[in-house]
Amino acid sequence: MNFVRAETLVQEITADGKVRDIVTERHKSESEKEAERKEDIIRNLPEFKLNRGEGKSLSEQIAEQKNSSFEEEKKEDKEKEYNVHTIDEDEFEHYQSVEDSERDKKRQRATEETAAVESFQQERKRLRGEEASGPHFIQRLHQQQQKSTVRAGP
């Protein structure tokens, strides 16, 4: 323990049975003072404070930050409740025009999609109609292979 370095305690029992404490202070040399100063610097480092239970662990620090941010959010919400913003006619007209333009864009996009689907359906019907009128694609391939073998053969 460090208290022995600083002072010495001597207990005397007097003739009447009382205990008398005599404390004598010990003077420190320069090298001891320097060593003690370095030890104090090292003890005050954050990583050593945590081991002695003086500092807070990371989970405790995170919990405190969450609590403080949660309390700040509550304060901001309360402030927002009382700060009511009313909309005047100019703002209403602006918001109305924005909404109308978005509605027009959606309507135009919907008409373009339906036109694309209709053209796809028409092309699909046209291609199926061609397949139904003539031989199937696989039969055409077999015919072409047979013709190419007949021509290559003689």
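These legends go with a set of close-up views of one predicted model.

The model is predicted, so local features are kept at pLDDT of at least 70 and side-chain atom pairs at pLDDT 80 or more, whereas totals for chains, interfaces and linings use all residues. Residues are numbered from 1 along each chain as its sequence is written, and side-chain values use heavy atoms, with hydrogens and water left out.

**Figure 1. The chain as a whole.** Let us start with the overall layout. The chain holds six helices and two strands, and from the N terminus on they run α-β-β-α-α-α-α-α. Both kinds of element are DSSP runs numbered from the N terminus: helices are H or I with at least four residues, and strands are E with at least two. Buried residues make up 0% of the 154 residues, where buried means under 20% relative accessible area, exposed means over 50% and partly exposed lies in between (1.4 Å probe, protein chains only). The chain exposes about 14,800 Å², and carbon and sulfur atoms supply 53% of that area. Accessible areas come from the Shrake-Rupley method with a 1.4 Å probe, and for residues only the protein chains shown count as cover. Among contacts with a separation of 6 or more, residues 24 or more positions apart account for 8%; a contact means heavy atoms within 4.5 Å.

**Figure 2. Glutamate 25 and threonine 8.** Glutamate 25 belongs to strand β2, residues 19-25. With a relative accessible area of 63%, glutamate 25 is exposed. Threonine 8 and glutamate 25 are 17 residues apart in sequence, and their C-alpha atoms are 6.3 Å apart in space.

Figure 3. Side chains of opposite charge can pair when their charged atoms come close. Here arginine 37 and glutamate 34 meet in a salt bridge, at 2.5 Å from N to O. The term stands for a side-chain nitrogen of Lys or Arg within 4 Å of a carboxyl oxygen of Asp or Glu. Both residues sit in helix α2 (residues 30-43), three residues apart, or about one turn of the helix. Arginine 37 is partly exposed at 43% relative accessible area, and glutamate 34 is also partly exposed, at 33%.

Figure 4. Arginine 103 meets glutamate 99 at 3.1 Å, N to O, and meets aspartate 100 at 3.0 Å, N to O. Glutamate 99 lies four residues from arginine 103 in helix α5 (residues 89-133), so about one helical turn separates them. Aspartate 100 and arginine 103 are three residues apart in helix α5, again about one turn. Each member is partly exposed: arginine 103 has a relative accessible area of 38%, glutamate 99 has 40% and aspartate 100 has 28%.

**Figure 5. A nonpolar surface patch.** Ile42, Leu45 and Phe48 form this patch, with about 240 Å² of accessible area together. Patches are made of residues with over 30% relative accessible area and no salt bridge; like charges are joined within 9 Å, and nonpolar side chains (Val, Leu, Ile, Met, Phe, Trp, Tyr) within 5 Å. Isoleucine 42 lies in helix α2 and counts as partly exposed, at 45% relative accessibility.

**Figure 6. A patch of negative charge.** Our last stop is on the surface, where Glu71, Glu72, Glu73, Glu76 and Asp77 gather in a patch of negative charge. Lys and Arg count as positive and Asp and Glu as negative, while His and the chain ends are not counted. The place of a charge is taken as NZ of Lys, CZ of Arg, CG of Asp or CD of Glu. Glutamate 71 is found in helix α4, residues 58-82.
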